Amino acid sequence: MKIGIIGAGKIGATIAQLFVAAGHDIAISNSRGPESLRPLVQELGAKARATSVDEACTFGEVVLLAVPWHREDALPSPERLRGKIVIDAMNPYDLAGGFFDLHGSTSSEIVLKRIPGARLVKAFNTIYYEHLSTRGRKELPVQERHAIYLAGDDAQAKEVVAHLIEEIGFAPVDTGSLHEGGQLQQPDSIIYNQTFSAREARSFLRNQLHKIVDSLPDSALAQALEILNRHKT
Ligand SMILES: NC(=O)c1ccc[n+]([C@@H]2O[C@H](COP(=O)([O-])OP(=O)(O)OC[C@H]3O[C@@H](n4cnc5c(N)ncnc54)[C@H](OP(=O)(O)O)[C@@H]3O)[C@@H](O)[C@H]2O)c1
C-alpha cells in the first residue's frame, strides 16, 4: 500500500520503519520540511520518501497522524483526507504532561470533527514506541502476539488497519466504536500501555465484563440480554 505519515518523531518514524519492512511505500512528513528528513529516509531505503504534509496526504491510500494532538495546525485540510483511511495514533496530552478535559468525548472524535469525511481509525495510540519497535513477532500465532487496539465506526477501514497491524507482527484487537472503543483506548484507561498478548487482552477484558455483570443497572439489562440471546449456544 501507499501510506502517508504526518509526524516523523518517535511514533511516526517507528511505524514508517515497520511499514517499509512489511513492503509498503511510505511518504513521511514533519513540521520542518522534507530536507530535515533526508537522513531518516536514507536509512529507510528506496520505499520511503520525505515530503510535505500535504504531499504525504495525497500520496497515501492510508494516512497516519502521529503529531502532538493539541497541534491543530499540524492537521492537513479536510479536503486532503476526505474518503481516506486515516489512522489516529495521537493522545490528548497537554503541555504539562496531563490530559485535556474532553468532556466525555474521545480525542479521536474531536479529530474527526476537524477532518470530516475521513475514515478514521484510532490505533497505535496505546503502545509505547519502543515496544512497537521491538515486540513485533510475525512467527507467532496472532493470538499470542503483542496486542494493538483499534477503534472506529468504519468496519472496512478497520479491516485494512487490522491487516496492517498483523503484517508488522502484532495482533489487532477491536475495541468497538470510535466513542466506546475510543474511551477504552484513552491514556488513563485499563489497557493503556499494558503489554498484553491478544489472548491475554481478550481474557482481561472478559474478566472486566464479568465484574460488572452483578451490578448491571436495569437500564442496561435489556441490551445485555440481546447480546446474550445472539450468542447463546
Ligand atoms: N511516543 C510514544 O511512545 C507514543 C505512543 C503512542 C502514541 N503516541 C502519540 O503519537 C503522537 C506523536 O508522539 P511522538 O512521541 O512521536 O512525538 P515526537 O517524537 O515529539 O514527534 C512529533 C512529530 O510531530 C511533528 N509535528 C509537530 N508539529 C507539526 C506540524 N505543525 N506539522 C507537521 N508535523 C508536526 C514533529 O515534527 P518536527 O520535529 O519537524 O517539529 C515530529 O516529527 C502524539 O500524539 C503521542 O501522544 C506516542
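Predicted model: local features only at pLDDT ≥ 70, side-chain atom pairs only at ≥ 80, totals over all residues.
**Ground rules.** I count residues from 1 along each chain as its sequence is written.

**Overall form.** I looked up the secondary structure and found 10 helices and eight strands. Helices (H or I, at least four residues) and strands (E, at least two) are DSSP runs, numbered from the N terminus. Along the principal axes, the C-alpha atoms fill a box of roughly 60 × 40 × 35 Å. I then checked the radius of gyration, taken over C-alpha atoms against a globule rule of 2.2 Å times the number of residues to the power 0.38. For 233 residues a compact globule would come near 17 Å, and the chain has 18 Å, which agrees.

**Burial and contacts.** I call a residue buried if 20 or more other C-beta atoms lie within 10 Å of its own, exposed if 12 or fewer, and partly exposed in between, with C-beta atoms placed from the backbone. By that count 39% of the 233 residues are buried. Two residues are in contact if their C-beta atoms, placed from the backbone, lie within 7 Å. Of the contacts between residues at least 6 apart in sequence, 65% join residues at least 24 apart.

**The core.** A nonpolar core is a set of buried Ala, Val, Leu, Ile, Met, Phe, Trp, Tyr and Cys residues joined through C-beta atoms within 7 Å. Which members of the largest one touch the most others? Among its 62 residues, they are Ile 5 and Ile 28. Helix α1 supplies the largest share of this core, seven residues.

**Two positive phi values.** Most residues other than glycine have a negative phi. I noted Phe 124, with phi near 70 degrees, in the loop between β6 (119-123) and α6 (129-134). I noted also Asn 193, at about 65 degrees, in the loop between α8 (180-184) and α9 (198-213). Are they buried or exposed? Phe 124 is buried, because it has 28 C-beta neighbours inside 10 Å; Asn 193 is exposed, with 10.

**Helix α10.** Helix α10 covers residues 218-231. None of its 14 residues is buried, so the helix lies largely in the open. The expected span is 1.5 Å times one less than the number of residues. That gives 20 Å, and the end C-alpha atoms are 20 Å apart, which agrees.

**Tyr 93.** Tyr 93 lies in the loop between β5 (85-88) and α5 (107-114). I count Tyr 93 as partly exposed, with 15 other C-beta atoms within 10 Å. Beyond four places in sequence, Tyr 93 is in contact with Trp 69 and Phe 99.
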